[in-house]
Amino acid sequence: MNARAELANAIRALAMDAVQQANSGHPGMPMGMADIAEVLWRRHLRHNPANPAWANRDRFVLSNGHGSMLLYAVLHLTGYDLPIEELKRFRQLHSRTPGHPELGCAPGIETTTGPLGQGISNAVGMALAERLLAAEFNRPELEIVEHHTYVFLGDGCLMEGVSHESCALAGTLGLSKLIAIYDDNGISIDSDKGSIRQWYSDDVKRRFEAYGWQVIANVDGHDPDAVDKALKKAKREKARPTLICARTVIAKGAPTKANTGAAHGAALGEKEVAATREAIGWHHPAFEIPKAVYEGWDATKSGARAERRWNKLFSAYTAQHPLEAAEFRRRMAGELPADFRARADALLKDAEAKAETLATRKASQNALEALVPALPELIGGSADLTGSNLTMVKASKAIGREGGGNYIFYGVREFGMCAVMSGLALHGGCIPYGGTFLVFSDYARNALRLAALMKLRVIYVFTHDSIGLGEDGPTHQPVEHAASLRLIPNMTVWRPCDTLETAVAWIAAIERKDGPTSLLLTRQNTPFVKRGAQQAAAIARGGYVISEAAGDTPRAIVIATGSEVDIALEAQKLLATGGIAVRVVSMPSTSVFDCQDESYRASVLPRGVPRVAVEAGVSDFWRKYVGLEGAVVGIDRFGESAPGPELFRHFGFTPQNVAAAVRAIL
């Protein structure tokens with residue numbers, strides 16, 4: 001056996017041993033792509049195991065994340081802080097080697113993958129971030145941003161529709177630093193008795209050529225020289241992303257399970273593992289790696305040299321361009337400009353001074369008019385609804401095939417947009433926001449979930465937030481969506497009622513570092529609500545008393561969000577004429593309010609006072625605040641096609657109906 005085969009076989013051995021010990025996992029892909037991984041990680045990937053966050057490292061994404069043991073194996077072998085004990089604990093509670101790669105569990109993992117197609121979509125965002133930062137910061141002979149994004153992906157990634165959305169965009173934008181290697185093994189879960197041809201017969205080469213990619217087809221994935229040649233050709237391409245189609249054998253080396261669906265998602269079995277050891281000439285006990293193999297894989301010295309070269313380059317850059325260097329460091333650290341808080345306060349004062357009656361989508365655009373010039377890292381966009389989402393402002397510059405910019409026309413690609421936004425955030429140096437209608441958040445749901453799981457700073461602008469959008473009818477009228485988004489752990493949701501709450505929501509979203517934010521915004525105008533200074537300051541706490549009961553202790557509390565706050569305030573006036581004192585609470589963000597201390601929450605919603613919630617959405621969510629004894633003015637059916645004001649009256653979103661609900665609980 002030659003030395004390179006021995007290095008690849010180390011991946012095969014670690015993969016089958018870890019999966020066998022866990023009696024759970026996917027050994028086939030790591031064994032099949034081991035030869036490709038050896039070429040990429042040892043000959044091409046520029047990285048430093050001692051500093052996984054090095055700004056100019058190449059990014060590696062395992063889009064077919066079920067093959068996680070390949071990534072854990074190469075991270076361990078190349079010198080990252082991932083000891084062999086963690087590989088032995090594969091898929092066990094609190095291990096650093098979960099079933100699918102998770103951002104933050106082990107150093108060197110660039111993104112959480114597993115739901116197929118999203119890794120390649122994240123990679124599109126990473127490659128786009130590299131392009132944008134290079135255009136902004138690089139200078140002649142001082143290219144401080146110059147790296148590739150490499151992706152492994154399989155048939156499942158290509159079958160998932162999100163890969164079509166993101167890869168088509170990558171081709172349109174000409175992201176030449178994006179290089180994907182397709183594990184063309186012809187096997188998936190249902191193919192235990194044959195190939196996948198009966199349900200997947202796409203001509204992948206022609207598909208990606210139609211997107212505008214360079215395609216290098218018919219590469220033998222088990223011939224290191226052929227793989228090396230293909231990667232070199234990919235790196236020479238300056239105008240297109242590259243897809244390398246590599247033919248492989250799943251579970252290569254396994255005598256009876258290679259090239260079978262049985263090797264995809266289950267342990268090989270002790271007999272097959274032993275037979276595989278003999279077949280590939282790996283005569284070492286489980287989890288034992290010879291010293292020579294470790295030495296062959298070790299990337300600590302080469303990685304340190306690569307980073308030292310870059311540090312020398314960056315020192316020269318700093319000497320010639322000190323302001324740009326400081327800005328680059330700030331951006332990559334994820335820190336906001338020193339004057340951001342002052343600019344934010346000015347935005348709030350402006351909103352209060354103007355006291356405009358506007359749709360909150362327009363209030364959002366007004367906020368962006370102030371924020372985009374102040375934050376060069378803000379990268380906006382919309383899924384072909386720019387004129388409706390109002391996500392583009394005077395300082396927006398469209399991103400094309402060359403150069404920089406700060407606004408992406410994503411096309412009708414909601415899922416791809418949100419997954420690409422995650423990639424922009426993961427790369428660093430960017431704070432992405434993107435818009436679509438709230439009802440279409442369903443299309444993007446899994447990308448939203450992964451962003452929350454990874455705690456990424458991304459901002460979703462979801463407009464047309466209720467039946468109030470009107471004539472487009474129930475297909476476009478969200479009723480369950482606000483509640484659904486609030487159920488995602490670590491997703492902050494804001495549904496502001498006016499221009500001031502909208503500005504507060506935007507500032508909170510930008511300042512938040514530990515997770516994504518959804519902004520739910522109206523199509524229809526909402527009136528500005530005058531507040532005292534204490535009330536205005538309390539908006540940032542998610543829920544606050546926007547109007548206190550006149551004179552007396554409140555007999556009831558009405559909680560409302562968004563456009564329904566005005567209805568609640570009008571109902572308060574009606575009830576007051578009948579001698580019923582009611583407190584109105586605006587709760588633009590239940591997720592933020594729920595994080596406040598108990599004393600504050602009790603001061604806003606004191607125990608023992610009956611409550612009514614008002615929101616043009618499903619009612620069950622609000623039971624956590626009003627209890628079974630309270631009431632909810634909501635909508636638990638799909639809407640109708642009619643003008644928005646007429647629909648609000650038809651479905652009971654009127655001051656009179658809210659007042660009646662209060663009287664009923666009293």
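The model is predicted, so local features need pLDDT of at least 70 and side-chain atom pairs count only at pLDDT 80 or more, while totals for chains, interfaces and linings use all residues. Residues are numbered from 1 along each chain as its sequence is written, and side-chain values use heavy atoms, with hydrogens and water left out.

**The whole chain**

Along the principal axes, the C-alpha atoms fill a box of roughly 90 × 60 × 45 Å.

Colour next by accessibility: 62% of the 666 residues are buried. Buried means under 20% relative accessible area, exposed over 50% and partly exposed in between, with a 1.4 Å probe and protein chains only. Of the contacts (heavy atoms within 4.5 Å) with a separation of 6 or more, 77% join residues 24 or more positions apart.

**The largest pocket**

Select Met-332, Ala-425, Leu-426, His-427 and Gly-428, which lie nearest the centre of the largest pocket among its 38 lining residues. Elements giving two or more residues to this lining are β1 (59-62), α14 (322-333) and α18 (414-427); α14 provides the largest share, four residues. The pocket has a volume of about 720 Å³.

On a 1 Å grid over the protein atoms alone, a pocket is an open set of points with protein on both sides within 12 Å along at least five of seven lines, a cavity is a set where a 1.4 Å probe fits but cannot get out, and lining residues have an atom within 4 Å of a point. Grid points are joined across faces, edges and corners, and a volume is the space filled by probe spheres set on the points.

By class, the pocket lining holds 20 nonpolar, seven polar and eleven charged residues. Ala, Val, Leu, Ile, Met, Phe, Trp, Tyr, Cys and Pro count as nonpolar, Asp, Glu, Lys and Arg as charged, and the others, Gly among them, as polar.

**The two cavities**

The whole structure contains two cavities of 30 Å³ or more. For the largest, with about 30 Å³ of space, select its lining, including Leu-438, Asp-465, His-481, Arg-495 and Glu-615. That lining divides into five nonpolar, two polar and three charged residues.

For the second largest cavity, select Cys-497, Thr-526, Pro-527, Val-529, Gly-562, Ser-563, Val-565 and Asp-566. About 30 Å³ lies inside, and the lining has four nonpolar, three polar and one charged residues.

**Two arginines**

Go to Arg-12 in helix α1 (residues 3-22). Arg-12 counts as buried because its relative accessibility is 3%. A polar contact of 2.9 Å joins its side chain to that of Asn-9; such a contact is a pair of N or O atoms within 3.5 Å, where within protein one must be able to donate a hydrogen and the other to accept it, and residues adjacent in sequence count only if both atoms are side-chain atoms. Beyond four places in sequence, Arg-12 touches residues including Met-31, Asp-35 and His-222.

Finish at Arg-601 in helix α25 (residues 598-604), which counts as partly exposed at 29% relative accessibility. Its C-alpha atom is separated by 8.3 Å from that of Gly-543, 58 residues apart along the chain.
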